[in-house]
Amino acid sequence: MRSRLERANLTENPFTTISAAIAAAPAGAVVEVCPGTYAEQLEIDKPLTIRGIDGTPKITGPSAGLSQLPAGSGYYPQVLANHAGGDVRLTNLAIDGTDALFNVDGLVLGLDVFCPDGIVQNFVGVYFVNTPGTLDNLNVSHQFGSAFPEEPQLVPNCGSGIVFHGSSEARVRNSTISDVGLYGIFSDGDLKADHNVITGTFGDGYGPFWVGIKTVTGNIK
């Protein structure tokens, strides 16, 4: 049985945001997220399990815009796990990039402005950096950029669903990734992926750029 400190539950504790629960939770804790929509950008820097309960809570972009994280990386993730020092597990969550805003040097605008000019080139739903991760039963969608809604993405890397860089273990299972601009799932190392559905619904959609699953130096298992 977990103690109150070990279980950062948004019902039992006075947290109104997932970010506040993450900050308060000790390494190895389980953050249980109640149903609802959470407009925030998550940063995870320690081993944690973040689990939706009683439904599928949705994470959307904050009104202040997504910031570049890590600083100087060129990436604008909705959920970032960065050098966490252990396994980070995300389960039973929706990460929705619909109409996301981006904060570029204090200017907050949408991807329709920043993507065609290449100002924002890496909008990502879930981004793991040098952190082993297990993603289970996620719905990652609408990380997509274009000049106009009816046109395919102009710059191929404006949006991707799930990206792992430098992660010793990358596992994605039972998840749905849809309506992204470049990669559904990308890893530069070994990737264990099973029972995932990767789809698009923008007609012919993604031009020559869209890739369901890709690894660079690793293998897909």
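Is aspartate 179 buried or exposed? At 6% relative accessibility, aspartate 179 counts as buried, where buried means under 20% relative accessible area, exposed over 50% and partly exposed in between, with a 1.4 Å probe and protein chains only.

A quick note before the views: this is a predicted model, in which local features need pLDDT of at least 70, side-chain atom pairs count only at pLDDT 80 or more, and totals for chains, interfaces and linings use all residues. Residues are numbered from 1 along each chain as its sequence is written, and side-chain values use heavy atoms, leaving out hydrogens and water.

**View A. Two aspartates with positive phi.** Aspartate 179 has phi near 55°, a positive value in a residue other than glycine. You'll find aspartate 179 in the loop between strand 15 (176-178) and strand 16 (183-187); strands (E, at least two residues) and helices (H or I, at least four) are DSSP runs numbered from the N terminus. Aspartate 54 isn't a glycine either, and its phi is positive at about 55°. Aspartate 54 sits in the loop between strand 5 (49-52) and strand 6, and at 68% relative accessibility it counts as exposed. For context, most residues other than glycine have a negative phi, and most peptide bonds are trans.

**View B. A cis peptide bond at proline 70.** Going from leucine 69 to proline 70, the peptide bond is cis, with omega near -15°. Proline 70 belongs to the loop between strand 6 (58-60) and strand 7 (75-82).

View C. With 8% relative accessibility, serine 167 counts as buried. Setting aside neighbours within four places in sequence, serine 167 is in contact (heavy atoms within 4.5 Å) with Phe128, Asn130 and Thr131.

**View D. Glutamine 121 and serine 160.** Look for glutamine 121 in the loop between helix 2 (111-114) and strand 11 (122-129). Glutamine 121 counts as partly exposed, at 33% relative accessibility. Its C-alpha atom is separated by 9.9 Å from that of serine 160, 39 residues apart along the chain.

View E. The protein's mean pLDDT is 85, with 83% of its residues reaching 70 or more.

Conventions. pLDDT is the predictor's confidence in each residue, from 0 to 100.
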